[in-house]
Amino acid sequence: MLPSADWFLSCAFSPSAAAQACGAQGIAVQVLGSGGPELQDKRASSSYLVWENGQARALVDAGGGSALRFGESGAQISQLDVILFSHFHVDHSGDFAALIKSSWFEDRKRPLPIYGPPGNDFMPSTTEFVSDLFGDKHGAYRYLSELLVPGEEGSYLMQPHNVVASATPIAVFHSGDLSASAVHVIHGLVPALAWRVEIGGKVIVFSGDTNGDGEGLVRLAKNADLFIAHNAVPEGVVGVERRLHMPPSVIGQIAADANVKHLVLSHRMMRALGNEDQTQSEIRKRYSGPITFANDLDCFPVK
Ligand SMILES: [Zn+2]
């Protein structure tokens, strides 16, 4: 007997059914968090999952709300080869501890490499961030220090690394057919990275938060199959908003200069939401490829 029309409808509109199919075959990126720091955007904060043939291979950022989306995606921490951080603002890192705690209940048997920026007077480095949470002496969650401190039980240990990058891409991580490289990007005074993930012959680039200054992001995004750029501000902003974030015209110029095949707009803050028509037309003046506005749990197969 054929399934009823109701069956098709319920599947078509069930986020969990759609989510669990993401990346079942080939390469896909799933948006775990498409929002910024404001809870009123009703989106999880920044986070992305790179899937290959049903395995969640890489996680990029872990903003607030993304741990729930991670669970909804059907992924497991034990599948991950690596976690990459763009920077340590709360909307990019706030759910990291929740993800690690969840992994306690999994059967991970290998180290978990974690890469992110170095620190400065305003922000911790990646190694500091992880030890501030899980260090055995002073970590906020030192009851989980077994997952960080060598010599304690288990083969599953977090392995945090600071990535000192420039405007020229540097190779950072390699595991099987997955590699990650990074450039330094400008995000006010916050040490920040953009990431390029190459997997199964496909290229996915994550801008992270940046005002788009400098040549690094164009170099990193060169010929990317998928470029996920952060649409945090509308066209025309000035002052601190412009110093921290790239307006649509800059996103469009970078996408065009880098010759990316598909542009996905995420990190959609309240001030950007509702301005999609203007945003798209500003980008269109410079970039002629496909443009998609991301929502939580959206799946982008990379063909
Ligand atoms: Zn942000």
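What follows is a chat about how to read a few features of this predicted model.

Reader: Before we start, which ground rules apply to the numbering and the atoms?

Author: Residues are numbered from 1 along each chain as its sequence is written, and side-chain values use heavy atoms, with hydrogens and water left out. Since the model is predicted, local features need pLDDT of at least 70 and side-chain atom pairs count only at pLDDT 80 or more, while totals for chains, interfaces and linings use all residues.

Reader: Let's go to the metal. Which residues are the protein donors of the zinc ion?

Author: Donors are N, O and S atoms within 2.8 Å of the metal (3.2 Å for Na, K and Ca), and water is not among the atoms, so sites may look incomplete. Here the protein donors are Asp91 (OD), His92 (NE2), Asp209 (OD) and His267 (NE2), lying 2.1 Å from the zinc ion. Their spacing in sequence reads D-H-x116-D-x57-H. Aspartate 91 sits in helix α4 (residues 90-93) and aspartate 209 in the loop between β10 (202-206) and α7 (216-220); they are 118 residues apart, and the pair links distant parts of the chain. Helices (H or I, at least four residues) and strands (E, at least two) are DSSP runs, numbered from the N terminus.

Reader: Are those two aspartates buried or exposed?

Author: Buried means under 20% relative accessible area, exposed over 50%, and partly exposed in between (1.4 Å probe, protein chains only). Both aspartate 91 and aspartate 209 are buried.

Reader: What makes the arrangement around the zinc ion irregular?

Author: Four donors count as tetrahedral if all angles lie between 85 and 135 degrees; four count as square planar and six as octahedral if opposite donors are over 155 degrees apart and all others between 65 and 115; anything else is irregular. The four donor atoms here subtend angles of 87 to 166 degrees, which makes the arrangement irregular.

Reader: On to helices. Which residues of α10 are buried?

Author: The general idea first: an α-helix has 3.6 residues a turn, so residues three or four places apart point the same way. In α10 (residues 276-284), Glu276, Thr279, Glu282 and Ile283 are buried. Seen down the axis, they fall within an arc of 130 degrees (taken from the directions from the helix axis to the C-beta atoms), so they line one face of the helix. They pack against α9 (248-258), β12 (263-266) and β13 (291-293), where contact means heavy atoms within 4.5 Å.

Reader: And how many residues of α9 are buried?

Author: Eight of its eleven, making α9 mostly covered. Among them are Pro248, Val250, Ile254 and Ala258. The cover includes α7, β11 (226-230), α8 (239-244), β12 and α10.

Reader: How do I read a nonpolar core, and how many residues has the largest one?

Author: A nonpolar core is a set of buried Ala, Val, Leu, Ile, Met, Phe, Trp, Tyr and Cys residues joined through side-chain atoms within 4.5 Å. The largest has 35 residues, and those with the most contacts inside it include Leu49, Leu59, Phe70 and Leu80. Elements that each supply at least two residues include β2 (47-52), β3 (55-60) and α3 (66-73). Apart from it lies another core, of 29 residues, with Ala165, Phe173, Ala180 and Leu193 among them.

Reader: Strands next. How many bridges join β8 to β9?

Author: Two strands pair if DSSP finds at least two bridges between them. Eight join β8 (residues 178-185) to β9, and the two run antiparallel; alanine 182 has tryptophan 195 in β9 as its bridge partner. They form a hairpin with six residues between them, and glycine 188 in the turn has a positive phi of about 60 degrees. Five bridges join β9 to β10, again antiparallel, in a hairpin with two residues between the strands. Seven of the eight residues of β9 (residues 192-199) are buried, so this strand is largely enclosed by the rest of the structure.

Reader: Which residues other than glycine have a positive phi?

Author: Most residues other than glycine have a negative phi. Among those with a positive value here is lysine 42, near 55 degrees. Lysine 42 lies in the loop between β1 and β2 and is exposed, with a relative accessible area of 72%. Another is asparagine 53, with phi near 45 degrees. Asparagine 53 lies in the loop between β2 and β3 and is partly exposed at 48%.
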